Every structure is written in C-alpha cells, then in structure tokens.
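Open the model in your viewer and keep the sequence panel beside it. The tour goes from single side chains out to the whole chain.

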Amino acid sequence: MLNFFKKEEFKIVAPVTGQLIPLSEVEDKVFSTKMMGDGFAVEPSGNTIVAPLSGTLESVFPTGHAVGIKTKDGIECIVHIGLDTVELNGQGFNVKVKQGQKIKAGEAMIEIDNDFIKSKGYKLTTMVVFPAGYDHVFELGTKQVQVGEKLV
C-alpha cells in the first residue's frame, strides 16, 4: 500500500537498442543544431521504440514517425524516428499507443520494420529532444545501448 504513494524516480532511458550518438552528429540540421532543443540520438539495431520517460502522450502522429510526451512536471519530449520518414505515410511503423495515454519510461510505443524502412532509402536515426522544461546539457558520448537502459 505504501508503494502506491511512492514518487517515481525521474529517469530518461534509451528509446531503442543501438548506437547512441550526440545530437550534433544527426544528418538533419533541425536536430543537429538543436533548433528543437537538446537531446540525443540512437542509430537503431532494434525494432521496438519505447518511451524515454514517463508522462502523457500529448501527440502521436498517425504516420508513427514521431510522438510527443509531457511529464507531470512540464518537461516536453519529442521522439522522432528516422529522417524524412513522415514520407512513408505510416508504412513500416506499427503504433501501439494512443494520444492522451499515460506511459511509463521503457514502455513500448512503436514497432518499426527496420529492413523495410531502410529498403525505401530512409535513415532510422531516432532523436530524443527536449523543447521545453528540461534545460540540461546532454553529454552522453557514443556507445551501444539497450532499449530501456537508463541514460539520465
């Protein structure tokens, strides 16, 4: 019963298994110049995209290429899967969540078909950016990460 009232620890986890890279290395200036906020990126080898933090799904794009999460403390987070993947109109993306839904860090949001998306000529670099409410500098380096692995 007491655990029911226990405050959840704030954490940011890897959204997908793969190679963690600095945002500055993303091949899209909107992200690499941090126009949308600071964050990090992962070059996926896995196909399950999970919530990098707990909150409410403020936006879930019908195309499956992006979601927006807002924490109860007002931190806004965008998970953007791939470069220009909106052009696929949802092909290769299987969305498992709905807008307005509460989600926990590490909970599955989207399944991606890596082979299909790559075969269409798209990069799957997955960006996690914080446009508002979280003004920390991300210096996570470059390393292999597992989906759900705590990064912050």
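**Stop 1: Glu-27 and Lys-123**

Select Glu-27 and Lys-123 in this predicted model: the two form a salt bridge, with 3.7 Å between the closest N and O atoms. Glu-27 sits in the loop between strand E1 (18-22) and helix H1 (29-32), and Lys-123 in the loop between helix H2 (114-119) and strand E10 (126-132), so the pair ties together parts 96 residues apart in sequence. Glu-27 is exposed, at 61% relative accessible area, while Lys-123 is partly exposed at 41%.

**Stop 2: Lys-34 and Asp-38**

The structure holds two salt bridges. Next, select Lys-34 and Asp-38, which form a salt bridge whose closest N and O atoms are 3.3 Å apart. Lys-34 is partly exposed, with 38% relative accessibility. Is Asp-38 buried or exposed? Asp-38 is buried, with a relative accessible area of 16%.

**Stop 3: the whole chain**

Switch to cartoon view. There are two helices and 11 strands, and along the sequence they follow the pattern β-α-β-β-β-β-β-β-β-β-α-β-β. The C-alpha trace spans about 50 × 30 × 25 Å along its principal axes. The radius of gyration is 15 Å, which agrees with the value near 15 Å for a compact globule of 152 residues.

Color by accessibility: buried residues make up 47% of the 152. The accessible surface comes to about 8,000 Å², and carbon and sulfur atoms account for 50% of this area. Last, select the charged side chains: the mean positions of the 16 positive and 19 negative charges lie 6 Å apart.

Note on methods. Residues are numbered from 1 along each chain as its sequence is written. This is a predicted model: local features need pLDDT of at least 70, side-chain atom pairs count only at pLDDT 80 or more; totals for chains, interfaces and linings use all residues. Side-chain values use heavy atoms; hydrogens and water are left out. A salt bridge is a side-chain nitrogen of Lys or Arg within 4 Å of a carboxyl oxygen of Asp or Glu. Helices (H or I, at least four residues) and strands (E, at least two) are DSSP runs, numbered from the N terminus. Buried means under 20% relative accessible area, exposed over 50%, partly exposed in between (1.4 Å probe, protein chains only). The radius of gyration is taken over C-alpha atoms; the globule rule is 2.2 Å times the number of residues to the power 0.38. Accessible areas come from the Shrake-Rupley method with a 1.4 Å probe; for residues, only the protein chains shown count as cover. Lys and Arg count as positive and Asp and Glu as negative; His and the chain ends are not counted. The place of a charge is taken as NZ of Lys, CZ of Arg, CG of Asp or CD of Glu.
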